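Have a look at the model first, then read on.

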Amino acid sequence: QLKGKTAIVTGSNSGIGLGIARELARAGADVVLNSFTDRDEDHALAQEIADAHGVGARYIAADLSDGDAARGLIEAAGRCDILVNNAGIQHVAPIDEFPAAKWEAIIAINLTSAFHTTAAALPMMRKAGWGRVINIASAHGLTASPYKGAYVAAKHGIVGFTKVTALETAREPITANAICPGYVLTPLVEAQIPDTMQKYGMDREEVIEKVMLERQPSKEFATTEQLGGTAVFLCSDAAAQITGTTISVDGGWTAL
Ligand code: NAD
């Protein structure tokens, strides 16, 4: 149902971004994959998606910690009907030990890049007469956890920016929403396990059960396919009046 639309998914050579790109392609959209890595396997992923779903798929490298590069990604794609701001990093440390450079990097990649991509994409959406902005926030865009100061600040920030984007486009056939996942077992989450093990003096299984899924009443990780399906829904006609809000895919986390 998304035939003829072009979706740009930032940070999409792994995890949730890749899952969303795959589901948008399955729904017929041409997709642009992105990361800063520019490896052969990144380009191969785009080819694999093109072959699997009979859509156009390209990989465009851009380091989203750089605002000009973020705008450059949208310009290089040349068209953007669906913008999924997904690139994100994490660092876990108490505030008084939090490295300033990590704070800056998290705010730049998880929050500021979405300002730059959205600014570059909105004129293209207006020209095409249709658009969807989908920001991948987090349950941490609505709640907090200790040791995740930069991440929680960035994710609350992107929820606020989503609302502003929705208000500025409210009279146009463009919507802006944030998806708030709970825990999804992706490389980003995998990378937090050693630090969290150390912080709480727990082994891997305990961290998964007692720390990560402790907040997730379903006691199950959400999947990248489910996040992709949620993005496809937000692109559907049924979602045309859904704007400026958040959709939690968190196994009940934010109901607690
Ligand atoms: P991931 O590490 O698998 O993917 C992160 C993506 O961002 C990768 O494609 C990576 O290449 C890209 N990226 C990182 N730095 C970049 C940069 N400077 N420039 C361009 N791309 C860059 O992680 P994920 O779990 O799939 O996370 C994706 C998004 O979902 C993030 O915004 C994350 O905060 C959010 N999220 C994840 C979870 C979870 O449990 N995994 C939960 C809530 C929200």
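Predicted model: local features only at pLDDT ≥ 70, side-chain atom pairs only at ≥ 80, totals over all residues.

Numbering runs from 1 along each chain as its sequence is written.

| Property of the chain | Value |
|---|---|
| Box of C-alpha atoms along the principal axes | roughly 55 × 40 × 35 Å |
| Residues that count as buried | 45% of 256 residues |
| Secondary structure | eight helices and seven strands |

Buried here means 20 or more other C-beta atoms within 10 Å of a residue's own, with C-beta atoms placed from the backbone. Helices (H or I, at least four residues) and strands (E, at least two) are DSSP runs, numbered from the N terminus.

Now for the ligand. Of the 27 residues around the ligand, Gly11, Gly15, Ser35, Gly88 and Leu188 come nearest; being near takes a C-beta atom, placed from the backbone, within 6 Å. Two or more shell residues come from each of α1, α4 (100–128) and α6 (187–200). Domain 1 (6–182 + 222–249) and domain 2 (183–221) both contribute to the shell, so the ligand lies between them; these bounds come from an automatic or database domain assignment.

Back to α1: 11 of its 12 residues are buried, so the helix is largely enclosed by the rest of the structure. Gly15 and Arg22 are among those buried residues. After α1 comes glycine 28, with a positive phi near 105 degrees.
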